[in-house]
Amino acid sequence: MLKALRWITLCTMLLFVLFLGTSAVLFLFALEKEPRVSAGPPADYVTVADAKAFAKRIKIQFESADEKGATLAVTERELDQLSQLGAHTFKWLHTNVDLEGAAILTNASVQLPQNPFGRYLNLGAQIQQSNEGIFIDRLSMGPMSIPGGWLLPLGARLADIVLREQKASLLLSGISGVQVAGDTVLLSVTPPPDVKAHIKQAVRTLQDLRLPVGEQERVVHYYDLLVEEGVLHGGRDESLAAYLYPLMSSAAERSIGGSAIAENRAAIWALAIYFSNGAFELLIGKIVSSERELVRPPHDVTLAGRGDLMAHFLGSAAIMLATQEGISIAAGEFKELLDSGDGGSGFSFVDVAADRSGTQFATLATASETQAGQLQQELSANNSEVSFFPDTSGLLEGLSEEQFRQQYGDVQSERYRQQVADIDQRIAVLLIYRQPASL
């Protein structure tokens, strides 16, 4: 019996190794030297505004569907706009969607680092009309083509393992049919009961998985410190520096024998939660409000004399901690593009400077233990905002969509990139970035 168990164990290990080896070989075989999908036109105000309106429309329709369900219409143009936004945020990914007859053809090219096998992983999927949910008929990886019916069920199952309680499968099962009518995809949806609760629970689960051990205690500590400073400084116009100074002093003390990166990260989260009046807990869960009642922050805290710039700075710093740097910067650019439309404040390079400086601040604060400690020491010794927030004089604000197009074209134009490079240079000369770059 023992001998049989050993043979079973050995065979299982060999099969596992064979599976990994086969998967690696297939992956390398799928790599190609040229992309199947090339870079499309850059995202601009119209693209962003239309995509935002589309997302809002779909969300409202999905959540308001009754027990009989609803039909969602998505045009090929809207799908193209989503592809443009994705390419702007994820520079290494290009996608396109084509509606041909009764099928939806999707293609994607993923750019990989330089290697001798091929620079691109080209993927494709063919989605057929169906009255039984979403059905992927064919899946391609490079030159290989295989049946794709297993892909969505497997993806949903893996998501269920991560999210728990079959949230992904439940939401996927809400799509009962897919039809193609000309340049429009018609999705028949029957949302599960309490769809909002299911979505929120799935988000909360992901947030909980993202939170490092001990993070909540650290964030609450810095939040309490901010509340004390708010009482001390409340009623007076103050720079954010007046609040950042005691936080970094405390972080330096708490980092002795611990992690400067962890302390800085918690301090930035506390700043974002406190000055957003708890709104940024949507990104990381109820870190503070589950432990204590939130306190309304003072309304007169600023950067460069403006409260909106302080909000931009902290918002981008917090987003940087929750996502990759490129996504954070792109999100700031999209926000500015949206502001250039009707009813917005217009495109502002001053706001872009605040966004990018917040991102760079969070990057430096968590880059390495050495750099995180250097930042703490610098800000503990200097409570002036000129050490971490750039000069914004001469930067244009209030550009309408038409004015932005006339002067800069789009966010990929050379003139726009030169302006962003000027902003980055203003950030680079700040005191905190002139510290020795020791990793």
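Reader: Which residues line the second largest cavity?

Author: In this predicted model, the second largest cavity is lined by Ala 241, Leu 244, Tyr 245, Leu 379, Asn 382, Asn 383, Ser 384, Ser 387 and Phe 388. Helix H8 provides the largest share of that lining, with 3 residues, and the lining as a whole divides into 5 nonpolar, 4 polar and no charged residues.

Reader: What volume does the second largest cavity have, and how many cavities does a search of the whole structure find?

Author: The volume of the second largest cavity is about 40 Å³, and the search, which counts cavities of 30 Å³ or more, finds 2 of them.

Reader: Leu 379 also belongs to helix H14; which residues of H14 are buried?

Author: A residue is called buried when its relative accessible area is under 20%, and in H14 this holds for Gln 371, Ala 372, Gly 373, Gln 374, Leu 375, Gln 376, Glu 378, Leu 379 and Ser 380. Among the elements that cover these buried residues are helix H8 (241-254), helix H9 (260-275) and helix H13 (349-365).

Reader: Which elements of the chain have the lowest and the highest mean pLDDT?

Author: Helix H6, residues 195-210, has the lowest mean pLDDT among the elements, at 51, whereas H9 has the highest, at 95; for the chain the mean is 80, with 72% of the residues reaching 70 or more.

Terms used
Residues numbered from 1 in each chain as written. Predicted model: local features only at pLDDT ≥ 70, side-chain atom pairs only at ≥ 80, totals over all residues. Heavy atoms only, no water. Buried < 20%, exposed > 50% of the residue type's maximum accessible area, 1.4 Å probe, protein only. Helix = DSSP H or I, 4+ residues; strand = E, 2+ residues; numbered from the N terminus. Contact = heavy atoms within 4.5 Å. 1 Å grid on protein atoms, 1.4 Å probe; cavity = no way out; pocket = protein on both sides within 12 Å on 5 of 7 lines; lining within 4 Å. Points joined across faces, edges and corners; volume = space filled by probe spheres on them. Nonpolar A, V, L, I, M, F, W, Y, C, P; charged D, E, K, R; others polar. pLDDT = per-residue confidence, 0-100.
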